[in-house]
Amino acid sequence: MSVHAPILAIAVPLLGGFAAPLLARIHRKVRDLWVLLVVFFSGACVGYVAAHILSSGIWVYVLGARNPQETLAPGGFPIRIMLTVDAMSAFMGLIAGFLALVAFPFALKYIPEEEGKTLALTLSLLLLAGILGLAYTGDLFNFFVFLEVTSIAACGIIGFRTWISRAPEAAFKTMVLFSLSGLFFLLASAFLYGEYGALNLAYLSAQIKGTLVDKLALALFLAGLIMKVAAAPVHFWAPDAYGEAPAAKTLLLVVNTQVSLYGLWRVLFTLYGGALSAGVGWLVTSLGLLTMVVAAFMALVQVDLGRLVAYGAVSQIGYMMLGVGVGLVTLAGRPDYGFVAMKGGIFHMLNDALTVGLLFLCVGAVEWTKGTRDLRELGGLGHGLPGVALCFLLASLALAGIPPLNGFASKILIYEGSFRLSPILAAVAVLASILLLAVFARAFHGAFLGPRAEVKEGLPWVFLLSMGALAVGILVLGLVPGFFVEELVAPAAKALWHGRALYLAAVLGG
Amino acid sequence: MTVVVRTITRVLLPISLVFGGYVIMHGHLTPGGGFQGGAVAASGLALVLVAFGVERLAGKKGLLSVLESLGGVAFAALGFLGLGVTFFANVLAGSGGLFGHPVPYGPNPGDLNTAGTLPLMNWAVGFKVLAGLGAVVLLFGLFGGEK
Amino acid sequence: MIGNLPFVVCMILVALGLWTLIAKRNLVKLVIGMSLVTSGVNLFLVSLGYVRGGIPPIYTYAPAAAPMVLPTPQALTLTSIVIGVATTALMLAFVVVIYRHKGTLDVRKIRDLRG
Amino acid sequence: MEETLKIITGQGFWSPLLWLAAALGILLLAFFLWSRGRREYKRGTEQELPFLSGERAEDPRVGASHLYWGFVEALKPFLNGLRDWHSGVITDYVGWFVVILVVVLLLVL
């Protein structure tokens with residue numbers, strides 16, 4: 001059974017999502033238990049896959065073949081749907097699996113039964129399946145399909161609370177932009193299919209030489225994916241979507257954005273790794289800088305706690321783009337500092353998932369107790385909700401990059417790596433961090449400090465458990481970053497930085 | 001709606017359902033398949049909605065959602081059926097008995113039963129699409145009804 | 001050059017869809033623009049697989065040794081059409097809900113989420 | 001074991017535990033200085049009450065929007081421009097997508 005672990009991680013949430021409404025008809029408890037089981041099973045598969053890949057290299061799984069490792073049809077041509085999981089995919093899978101394990105128990109208590117809980121759980125399971133599919137897939141068309149699965153499921157989650165006037169509005173806007181990005185990805189895949197007659201990532205990567213059609217396709221890929229990852233001039237959907245979705249489900253939206261970012265790296269490093277100009281690297285780097293500064297300034301003027309945290313989350317995307325962008329700029333020479341910046345950018349994905357996830361859970365807990373997220377009305381919650389206040393403080397400090405928390409560990413790698421390329425990059429990154437500290441000091445002060453406020457009693461212990469898991473993660477990643485950087489992040493960064501030949505060999509042989 | 005529309009709907013509904021079923025059933029041999037057949041059948045539902053009003057179908061919402069979930073579960077389960085080999089492997093094709101023998105290579109008329117799991121998946125998708133599109137049309141009707 | 005004409009037409013369709021998305025003010029028209037982009041991409045995919053003088057890729061009663069057009073792009077197009085239907089249905093549903101809340105379909109008036 | 005506790009950044013290293021030890025030392029020093037201070041503060045008297053500009057403050061809460069008031073005020077034109085940029089009109093957003101598409105096309109070709 002364990003040879004099927006990568007596909008089981010995707011297929012079980014898919015089956016679980018379809019089965020959840022049926023089980024809800026039997027009993028709600030049955031459905032809740034089933035959802036938890038599915039998420040735990042998927043998380044276990046993800047963990048197993050990661051452990052296996054870190055010890056023994058890339059894992060290829062071919063669907064529908066006589067043998068899971070039979071990648072090539074007679075004639076040496078890959079035709080089947082296949083999953084190609086390398087260290088970077090496994091890293092993304094781990095992030096998704098961990099956040100799902102935290103988010104689902106929280107959501108079971110957070111979303112009231114009469115507000116479409118079954119629907120929300122079904123959509124979240126489909127979203128999880130889509131995210132893992134994006135991380136593991138080895139061909140462009142399935143990437144597109146999973147991109148659309150995540151788009152539709154994500155917009156369903158954002159907009160399913162139709163009685164709130166803001167939710168459908170956010171969902172509609174997000175849906176238009178997501179569909180556009182998906183369609184441009186498909187158009188780019190079609191360009192490559194027309195030229196080379198294949199959709200397999202490894203096969204295409206071996207063929208791409210940088211012709212006019214290749215370049216056109218690269219531009220379309222970039223435009224579509226830059227929109228999906230919420231980089232600066234096209235980030236408008238992100239605060240709407242993050243802010244209006246139920247807080248427990250926003251975690252999955254954050255992972256969805258990160259896995260799109262992974263898609264961008266996959267296209268740039270693996271697909272176009274052999275034929276890429278430094279201009280693209282500079283584009284990613286400068287968009288990253290723009291994203292972090294614009295989002296930090298916008299967070300400064302927000303009065304809605306959810307929207308404020310959402311802008312904070314968008315600004316973190318900028319750091320990842322800066323870190324990996326420096327790696328892209330220096331891809332030709334592969335100097336050491338480029339790899340340091342890459343490690344920082346990729347480590348920051350994990351840190352961002354934990355910190356932003358914890359912040360959104362705190363926002364959810366605040367909204368659950370007070371029924372509002374407006375900072376002008378909130379205040380003094382620290383007396384009644386000391387645990388939530390502590391978690392919010394911890395996550396804000398980590399997000400703003402205060403030592404010795406995990407945000408600082410990844411940001412110092414990004415600062416030092418990008419400083420060697422150009423000091424201006426590092427200076428802007430530090431400036432954005434300071435702004436974020438100001439933003440979150442204000443948010444913490446506005447929500448939790450001040451005279452004691454009345455709170456709704458009986459915060460479910462599951463809330464605190466989920467938040468505690470993320471808080472412990474932040475502390476552990478902050479205090480022993482070396483272990484995680486060496487064991488998890490460095491292999492993932494190496495898979496992008498040096499691993500293209502290995503990726504091709506795993507699928508094409510030789 | 002007028003009696004003309006209602007009468008024509010009574011005539012066309014069975015035809016569209018049967019034609020949808022035909023398209024689903026022959027999905028692995030001729031153009032068509034689960035989605036197309038399901039969409040054809042769902043057009044019958046839409047016709048009923050237009051001719052007889054939302055009230056006629058409003059009670060069927062639960063049934064449609066169950067049918068949709070069942071379709072999805074059946075599709076995923078058929079994928080799991082191949083786990084002895086690989087996920088989605090067509091283990092039923094050419095397995096003898098009801099599923100017949102392997103088909104010869106090259107142009108030939110083909111049989112309805114020899115494609116293994118493919119027709120079953122077509123049926124699963126067909127029911128899912130029928131129920132899903134039906135539910136969407138029904139919901140639009142319900143939404144538009146109130147003001 | 002004339003062989004590239006279908007591709008040019010597809011790109012014009014995509015551009016028209018984008019134009020609709022930018023210039024029109026009505027939410028339903030935006031959904032129509034989205035469908036235009038989808039159609040353009042789908043037509044592009046189908047036209048990629050065309051083989052001169054090819055027959056449809058159906059084995060039932062196919063003449064032996066006749067060239068068939070590529071079936072893969074058609075399968076891709078079908079998937080894309082299915083996804084397009086789901087997207088359109090979802091967007092129209094949101095449009096209906098937005099209209100019930102705000103009583104308007106003008107994009108300039110549907111901007112509670114700004115700043 | 002050395003490697004698992006710190007990260008090599010290329011120009012140096014970052015070790016949280018070392019940082020914590022240093023922070024603890026500085027904290028101890030601060031505590032020492034603080035403990036040497038004068039203790040004239042009397043509990044339960046007027047010294048405990050909050051004052052605002054010499055007046056007894058009735059509601060001593062400082063609203064969240066008042067923090068960094070001067071900073072935000074000074075940057076107001078810039079911030080307002082930024083807010084107007086996030087106009088909430090979906091067609092503008094698509095327009096920006098097209099802008100990015102054109103930029104990328106020009107850059108790549």
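A polar contact is a pair of N or O atoms within 3.5 Å, where within protein one must be able to donate a hydrogen and the other to accept it, and residues adjacent in sequence count only if both atoms are side-chain atoms. The model is predicted, with local features needing pLDDT of at least 70 and side-chain atom pairs counting only at pLDDT 80 or more, while totals for chains, interfaces and linings use all residues. Residues are numbered from 1 along each chain as its sequence is written, and chains are lettered from A in the order in which they are written.

Select chains B and C to begin. Their contact (heavy atoms within 4.5 Å) takes 16 residues from chain B and 17 residues from chain C, and about 1,300 Å² is buried between them, 72% of it from carbon and sulfur atoms; buried area is the accessible area (1.4 Å probe) lost by two parts on being put together, summed over both. On the chain B side, pick F35(B), F140(B) and F143(B), which lose the most area to chain C and together make up 38% of what that side buries. Between chain B and chain C there are 0 residue pairs in polar contact, with both residues required to be at pLDDT 80 or more.

Next, select chains D and A, where 44 residues of chain D are in contact with 60 residues of chain A. The area buried between chain D and chain A is about 4,700 Å², with 81% given by carbon and sulfur atoms, and 2 residue pairs are in polar contact across this interface (both at pLDDT 80 or more).

How values were computed. Heavy atoms only, no water.
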